[in-house]
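Subject: Handover of a structure, with notes

Dear colleague,

I am passing on the structure below so that you can look through it alongside my notes. Please read them with the coordinates open.

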Amino acid sequence: MSEAIKTDVLIIGAGPCGLFAVFELGLLDMKVHLVDILDKIGGQCAELYPEKPIYDIPGIPFVTGQGLTEQLLEQIKPFGPTFHLNEMVESIEKIGDPLFRVKTDAGKEFEAKVVVISAGGGSFQPKRPPVPGIEAYEGTSVFYAVRKMEQFRDKNILIVGGGDSALDWTLNLHPIAKRITLLHRRDDFRAAPHSVEQMRALVADGKMDLKIGQVTGLEGADGQLSGAALKANDNAVSTIACDTMLPFFGLTMKLGPVANWGVALENNLVPVDTAAFETNVSGIFAIGDINTYPGKLKLILSGFHEGALMAQKAHRYVYPDKRLVFQYTTSSSSLQKKLGVN
Ligand code: FAD
C-alpha cells in the first residue's frame, strides 16, 4: 500500500452537499479530498436526474441536476479539491484527537483531521444479475465497474446490458480486448443512439459479436470463468466462450459500509447535533441526505446550510490555535483573495 494521503478534511461523497462543503471549508483555509463510488461527480443530481429541472435552489430559479453540479464545480475551483472517483470508503479508524485513518476499497489510505460524511442515501451499488453462482466469480472474472482499462487487455469479454454503461464500455474496451461480445435481452438499446450506431458498425465489420438473450449460468473453476450459458429468446441454449464478464444492470442505493464506521445510526441515518452537524464522534460530521435531526428536510438547500455550520466547527479541529472571525464574501478582501476575485 502506498503512503497515506494527508489532508485537513476528507469528504465521503461528491454529491451537491459534499461539493458545497468544499466551498465553505475552503473559505476557512481547509484543504479537501473527496471520495466517491461513482465514476462521476454530482451524486444523485448527476446519476439519477441530470436533465431534470430543480426549482428550489435559492437564487437560481431553474437548473438541471447536471447544471447544478457544473455550477458547484465552478464555484469550488479556487480551492482545488482533489477527487478520488470510482472508490468506496470502507473504513474509518480514529488514530488521534481528532485524526482519522480512512481506507478505500481501491487500497488508498488517507489521514484526515476531520471527516465529513455526505454519503446521501448511501452507496450506489451495482445490481447483481440473477445468475446462479455468480458470487464465486466476482472480483476475479466478473466485474461491475471498470476501474483500470489495462486490466482487460487481451481478454475475451462478455458485456451484458443495453444501457449507456454497457455500450460505452463495449466501445472503450474494444480496441484493447481480444474479443468483445455484447449481450442484451432484446435487440433494442437504451443507450445514446450514436454509441448504438458505432457498436452496430463494429458488428457489421466482424470486429465484435452481438447476441440477444440472457445469461442463465456460468462455467469455470476457482473463480476463473471459461464460458457463459446463453438462453436465446427462442429458448435455444448455447455457450459463449469468455474469460471475463462485465454486467451493467444499473445501480441501486444501499447504506453500504457507513454502518461500520463507528458513528451512531438511527433508521439507517446518522444523527447529528444542529449546531455543527457533528456525529457522536468528535471530528466526524454528517451533512446532506445521510443525516437526521428533528425537522430535517432532505433538500439540497438544507445540506448547503449544514456544510456552512460544519465548516465553522471543523476549523477548530484543523486550526486549534487560530481564532475564527466571521466575514462576508461581499466585503472581505481576504475572502475575495482566496476566491481569486480580488
Ligand atoms: P447524494 O447526492 O446522494 O450524493 C452522495 C454521494 O455519496 C453519492 O455520489 C454516493 O456515490 C457517495 N457515497 C455514498 N457512500 C459512499 C462511500 N462509502 N464511499 C464513497 N462514496 C460514497 N432535492 C432538492 O432540493 N430539490 C429538488 O428538486 C430535488 N429533486 C430530486 C429529484 C429526484 C428524482 C431525486 C432522486 C432527488 C431529488 N432531490 C431534490 C433530492 C436531492 O437530490 C438530494 O437531497 C441531494 O442529492 C442530497 O445530496 P447529498 O450530497 O447529501 O447526497
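This is a predicted model: local features need pLDDT of at least 70, side-chain atom pairs count only at pLDDT 80 or more; totals for chains, interfaces and linings use all residues.

The protein chain averages a pLDDT of 95, and 100% of the residues score at least 70; for the model as a whole, the scores are ipTM 0.99 and pTM 0.81.

**Overall layout**

The protein chain has 342 residues, of which 50% are buried, and its secondary structure comes to 7 helices and 20 strands. Along the principal axes, the C-alpha trace spans about 70 × 40 × 35 Å. The domain assignment divides the chain into domain 1, made of 5-124 together with 252-339, and domain 2, which covers 128-249; the centres of domain 1 and domain 2, taken over C-alpha atoms, are separated by 36 Å.

**The ligand**

There are 33 residues around the ligand, and those that come nearest are Asp 36, Gln 44, Tyr 49, Asp 289 and Ile 300. For Tyr 49, an N or O atom of the side chain is 2.5 Å from an oxygen atom of the ligand. Ile 300 takes part through its backbone, where an N or O atom lies 2.8 Å from a ligand oxygen atom, and in Val 89 a backbone N or O atom is found 2.9 Å from a nitrogen atom of the ligand.

Asp 36, one of the residues that come nearest to the ligand, belongs to strand E2 (residues 32-36), in which 5 of 5 residues are buried. Both faces of E2 are covered, with Val 32, Leu 34 and Asp 36 on one side and His 33 and Val 35 on the other. Strand E1 (residues 5-12) runs parallel to E2 and is joined to it by 4 bridges, and within this pairing Val 9 has Val 32 as its bridge partner.

**A hairpin**

Strand E14 (residues 224-231) and strand E15 (residues 237-241) run antiparallel and are joined by 5 bridges, with Ala 228 standing opposite Ile 240. E14 and E15 form a hairpin with 5 residues between them, and in the turn Asn 235 has a positive phi of about 75°.

**Buried residues in loops and a strand**

Trp 261, in the loop between strand E17 (251-254) and E18, counts as buried at 5% relative accessibility. Although Trp 261 and Ile 92 are 169 residues apart in sequence, their C-alpha atoms are 5.5 Å apart in space. Ser 123 lies in strand E9 (residues 123-126) and is buried, with a relative accessible area of 5%; between the C-alpha atoms of Ser 123 and Ala 276, which are 153 residues apart along the chain, the separation is 24 Å.

**Backbone geometry**

Most residues other than glycine have a negative phi, and most peptide bonds are trans, so the following places may be of interest when you go through the backbone. A cis peptide bond joins Asp 97 and Pro 98, with omega about -10°, and Pro 98 lies in the loop between strand E6 (89-96) and strand E7 (99-104). Asp 29, in the loop between H1 and E2, has a positive phi near 70° and is partly exposed, with a relative accessible area of 37%. Asn 268, found in the loop between E17 and E18, has a positive phi near 65° and is likewise partly exposed, at 48% relative accessible area.

With best regards

Conventions: Residues are numbered from 1 along each chain as its sequence is written. Side-chain values use heavy atoms; hydrogens and water are left out. Buried means under 20% relative accessible area, exposed over 50%, partly exposed in between (1.4 Å probe, protein chains only). Helices (H or I, at least four residues) and strands (E, at least two) are DSSP runs, numbered from the N terminus. Two strands pair if DSSP finds at least two bridges between them. Domain bounds come from an automatic or database domain assignment. pLDDT is the predictor's confidence in each residue, from 0 to 100. A residue is near a molecule or strand if one of its heavy atoms lies within 4 Å of it. A polar contact is a pair of N or O atoms within 3.5 Å; within protein, one must be able to donate a hydrogen and the other to accept it, and residues adjacent in sequence count only if both atoms are side-chain atoms.
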